[in-house]
Amino acid sequence: MQEQKLARGLKNRHVQLIAIGGAIGTGLFLGSGKSIHLAGPSILFAYLITGIICFLIMRALGELLLSNMQYHSFVDFVQDYLGNMAAFVTGWTYWFCWITIAMADLTAVGLYTQYWLPNVPQWVPGLILLVILLCMNLATVKLFGEMEFWFALIKVIAILALIVVGLFMIFKGITTDAGTASFSNLWSHGGMFPNGMNGFILSFQMVVFAFVGIELVGLTAGETEKPEVVLPKAINSIPIRILIFYIGALLVIMGIYPWNAINPAESPFVQVFLTVGILAAAGVVNFVVLTSAASACNSAIFSTSRMVFSLAKNDNAPAPMTKLTKRRVPANALYFSLVVILIAVVLNYIMPEDVFTLITSISTVCFLFIWAIIVICHLKYKKQKPELAKNNPFKMPLYPAANYIILAFLAFILVVLGFAEDTRVALFVTPVWFILLIVIYQFRKKVVQ
């Protein structure tokens with residue numbers, strides 16, 4: 001029987017926008033006020049440093065994926081370089097990460113919809129969205145790409161509009177209720193580090209959250225037309241996108257308003273659009289974050305199903321999960337992930353809010369683990385297959401120094417997570433998740449034998 005393969009239905013424009021969408025989170029639209037309040041203008045340096053680290057992780061991921069065209073996701077190379085148990089733990093951990101993102105975003109969709117329709121129960125919009133996304137993901141991978149293309153485009157247009165409007169205000173020296181718009185606002189209110197190194201270091205926790213999901217473009221490798229051309233292009237354009245979309249947007253926001261005049265409880269985007277007289281500003285930003293949440297949920301459905309498919313191919317998930325439809329979509333893996341997301345949504349309403357916060361915090365710690373595994377696999381690949389590495393046209397820069405810098409940075413983030421009360425608990429609970437996976441793996445091994 002011929003092995004079933006995923007369809008290569010993702011075009012260049014789909015992958016380019018998936019790369020942008022993965023690098024722009026809801027955190028930028030809603031959470032940036034809080035991070036500016038915490039670090040002041042030094043938040044720009046936190047984004048720059050984290051952006052460089054994420055770019056290097058993506059280069060390591062790209063080099064590994066392009067070293068073997070049979071790799072459909074990073075679980076395949078984890079299997080090769082770190083063994084079956086590591087592949088089992090990594091794959092199910094990544095699956096769990098995206099399940100929790102889907103939980104969070106379905107809840108968010110309900111909340112954002114209530115802005116316009118306050119009488120609609122919170123669970124209804126999330127359920128409707130889930131059904132729509134399932135139908136479209138079952139159709140073809142091209143439809144997933146098409147949805148991501150338009151979702152990401154909305155985010156891009158919103159940020160570019162903010163930058164254009166903001167630059168106009170700054171160069172015109174328009175007066176706001178917080179003073180005159182000028183780039184001097186960046187250093188005139190306590191300097192670049194108004195809250196000292198403490199505020200700067202603590203801001204990394206939120207900044208790293210904003211980049212979670214950037215590695216999703218690596219999961220599209222098995223379903224991309226000409227991956228050897230498209231993936232390097234998508235990865236290499238990440239730095240310029242981070243400069244424009246994160247640093248550019250925050251630079252403009254803090255140029256219009258001094259950092260201490262920005263309300264941490266409000267979206268800075270709403271503040272800027274209201275200042276120029278766009279009365280529907282809150283509605284516009286609400287629409288953008290609604291599509292951003294829908295986009296993250298779409299990515300979660302795609303990534304969890306592909307991860308289960310990859311795990312099943314290596315006997316780390318039930319065999320029926322490898323079954324593809326006529327359109328070469330892993331339907332069983334899709335249904336399985338969707339049922340778990342649905343259970344999670346139900347639990348979200350039954351269980352107290354602090355349990356939900358704990359689950360998403362554990363997910364963030366798990367993302368750090370995934371990034372570390374990618375970098376460790378890259379080190380192994382370079383040492384074990386020097387000839388293959390030598391002929392790879394897409395090499396990670398500054399190897400091996402970059403690998404160790406990334407690992408040191410990820411360890412630093414874990415320490416920072418220990419400082420914050422709401423994430424500290426996750427550091428103690430997360431090892432339980434890994435122990436549970438190892439126990440399940442050993443049990444399965446005995447049953448199979």
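Where in the chain do Phe-409 and Phe-412 both lie? Both residues lie in helix 16 (residues 401–419), three residues apart, which is about one turn of the helix.

This is a predicted model, in which local features need pLDDT of at least 70 and side-chain atom pairs count only at pLDDT 80 or more, while totals for chains, interfaces and linings use all residues. Residues are numbered from 1 along each chain as its sequence is written, and side-chain values use heavy atoms, with hydrogens and water left out.

## Overall make-up

The chain has 17 helices and two strands; helices (H or I, at least four residues) and strands (E, at least two) are DSSP runs, numbered from the N terminus. Of the 449 residues in the chain, 55% are buried, where buried means under 20% relative accessible area, exposed over 50% and partly exposed in between, with a 1.4 Å probe and protein chains only. Among contacts between residues at least 6 apart in sequence, 82% join residues at least 24 apart, a contact being heavy atoms within 4.5 Å.

## Aromatic rings

The structure holds 22 aromatic pairs. Phe-45 and Phe-193 form one that is stacked, at 5.7 Å centre to centre and with 10° between the planes. This pair links distant parts of the chain, since Phe-45 belongs to helix 3 (residues 43–66) and Phe-193 to the loop between strand 2 (179–180) and helix 8 (196–211), 148 residues apart. The rings of Phe-409 and Phe-412 have their centres 6.1 Å apart and their planes at 50°, so that pair is tilted. By definition, rings of Phe, Tyr and Trp (its six-membered ring) pair if their centres lie within 6.5 Å, and planes under 30 degrees apart count as stacked, over 60 as edge-to-face and the rest as tilted.

Ring pairs link Phe-45, Phe-193, Phe-200, Phe-204, Phe-409 and Phe-412 into a cluster.

| Residue | Relative accessible area | Class |
|---|---|---|
| Phe-45 | 34% | partly exposed |
| Phe-193 | 34% | partly exposed |
| Phe-409 | 8% | buried |
| Phe-412 | 27% | partly exposed |

Charged side chains also meet aromatic faces. The charged end of Arg-59 sits over the ring of Phe-394, 4.2 Å from its centre, and Lys-382 lies over the face of Tyr-399, at 5.1 Å from the ring centre. A charge sits over a ring if NZ of Lys or CZ of Arg is within 6 Å of the ring centre and within 35 degrees of the ring normal.

## Packing around helix 6

Helix 6 (residues 123–139) and helix 12 (residues 281–313) have axes that come within 10 Å and cross at roughly 50°; axes are lines fitted to C-alpha atoms, for helices over the stretch in contact, and angles run from 0 to 180 degrees between N-to-C directions. Helix 6 and helix 12 are therefore oblique to each other, given that angles under 35 degrees count as roughly parallel, over 145 as roughly antiparallel, 65 to 115 as roughly perpendicular and the rest as oblique. The crossing of helix 6 and helix 12 is right-handed. On the side of helix 6 the contact is made by Leu-129, Leu-130, Leu-133 and Asn-137, and on the side of helix 12 by Ala-294, Cys-297, Asn-298, Ile-301 and Phe-302.

Helix 5 (residues 84–113) packs with helix 6 at an angle of about 120°, with their axes 7 Å apart, and that makes helix 5 oblique to helix 6. The crossing of helix 5 and helix 6 is right-handed, where right-handed means that the near helix is turned clockwise from the far one by less than a right angle, and left-handed anticlockwise. Their contact involves Leu-106, Val-109, Gly-110 and Thr-113 of helix 5 together with Pro-125, Gly-126, Leu-129 and Leu-130 of helix 6.

Gly-283 is placed in helix 12 and is buried, with a relative accessible area of 16%. Not counting residues up to four places away in sequence, Gly-283 touches Tyr-115 and Trp-116.

Met-307 and Ser-73 are 234 residues apart in sequence and 7.5 Å apart in space, C-alpha to C-alpha. Ser-310 has its place in helix 12 and is buried, with a relative accessible area of 1%; leaving aside its neighbours within four places in sequence, Ser-310 is in contact with Ser-73, Val-75 and Asp-76.
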